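Here is a short report on a ligand site and the sheet beside it in the text. Please look over the structure first.

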Amino acid sequence: MSRFTGHTVIVTGGASGIGEATVRAIVREGGKVLIADLQEKEGEALAQQLGDAAIFQKTDVTNEADIIAAVARAEQALGPLTGMVNNAGIIGAVGSITETTVEAFDRTMAILSRAVFLGVKHATKAMKPHGKGAIVSLASSAGVMGGLGPHTYTMAKHGVVGLTKSAASELSGYGIRINAVAPGGTVTPLTAALTGGDTEAITEFIKSSTPLGIPCLPEDIAGGILYLLSDEARFVTGHTLAIDGGITTSVLNTSFHHDDSEILLHAGQRTEQ
Ligand code: NAI
């Protein structure tokens, strides 16, 4: 018996990047998945590869009717909903706050924040009668501190962390856990777009800007999502799990263990004087 045997999970944005790695990992561990994404070709191809364990449903996560339909189809085709992963995302509005249009702001918030609210709302409605379920939403290191993403993205991801805390006690009453993961830079099509699709360049950038000094892959994030979805995390709710190679551990974002040891030594001597 595998960790996700008997589980039915919806993964929004499951056709690419972190979502795709999550879909594959759940299926590998015995679960069934509904891939809810806008990308029809990629989503259908992934579902086909995974056989009976996965189905694709074209879904715009900003549209409440689409979320309701995805939940209904998952329950009807795969079984009672046990997990919801609110993962779909974009980078959205970029640039100076003074140049950000209301339209770009609203679109970004709709995908990154309102869609998470909709996912939580309708997954909860489905899970309540079963008295059990787990929801995991994608925040970001930009959801716990400033300076790690564009303004609207940062605001939206802080909202994800906020809803995760806010909803935890209400949902606990129904046996439903709600958590978030906060990835640092991860090598996916979303971040590769920042280097014009050059995966090698984005991998190198993530490596060099992360204290652990290794590139984060979608599978690293999927591992945390699966933990929070699984019964191993049965006592964990309202939590945001950083999977970021240490990027949010220090404002300096540097290590004193190597090159700066001399500075520390001198600072210590000055204190003693
Ligand atoms: P990705 O671009 O590889 O995949 C995102 C998926 O979401 C795509 O398949 C896309 O079609 C889908 N999507 C976008 N808008 C949608 C909509 N309105 N309705 C349905 N599906 C939609 O991106 P990645 O990197 O895998 O990102 C996944 C999540 O992780 C996002 O929420 C992102 O903000 C978050 N994240 C990513 C980080 C990274 O460095 N890659 C870091 C921190 C958080």
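The report covers the ligand shell, then the sheet.

This is a predicted model: local features need pLDDT of at least 70, side-chain atom pairs count only at pLDDT 80 or more, and totals for chains, interfaces and linings use all residues. Residues are numbered from 1 along each chain as its sequence is written, and side-chain values use heavy atoms, without hydrogens or water.

**Ligand shell**

Around the ligand are 27 residues, each with a heavy atom within 4 Å of it. Ser-16, Asp-37, Tyr-153, Thr-186 and Thr-188 come nearest. The shell holds 11 nonpolar, 13 polar and 3 charged residues. Here Ala, Val, Leu, Ile, Met, Phe, Trp, Tyr, Cys and Pro count as nonpolar, Asp, Glu, Lys and Arg as charged, and the others, Gly among them, as polar.

| Residue | Residue atom | Ligand atom | Distance |
|---|---|---|---|
| Ser-16 | side-chain N or O | oxygen | 2.7 Å |
| Ile-18 | backbone N or O | oxygen | 2.8 Å |
| Thr-59 | polar backbone atom | nitrogen | 3.4 Å |

The protein covers 93% of the 830 Å² of accessible area that the ligand has on its own (Shrake-Rupley, 1.4 Å probe). Helix H6 (189-192) gives two or more residues to the shell, as do H1 (17-28) and H5 (151-172). H6 gives the largest share, 3 residues. Helices are DSSP runs (H or I) of at least four residues, strands (E) of at least two.

**Sheet**

Seven strands form an open sheet with parallel pairing, in the order E3-E2-E1-E4-E5-E6-E7. Pairing takes at least two DSSP bridges. E3 (54-58) and E7 (240-243) are the edges; each has a single partner strand, so one side of each lacks a neighbour in the sheet. E1 (8-12) and E4 (83-86) run parallel, joined by 3 bridges. Val-11 stands opposite Val-85 in E4.

Terms used: A polar contact is a pair of N or O atoms within 3.5 Å; within protein, one must be able to donate a hydrogen and the other to accept it, and residues adjacent in sequence count only if both atoms are side-chain atoms.
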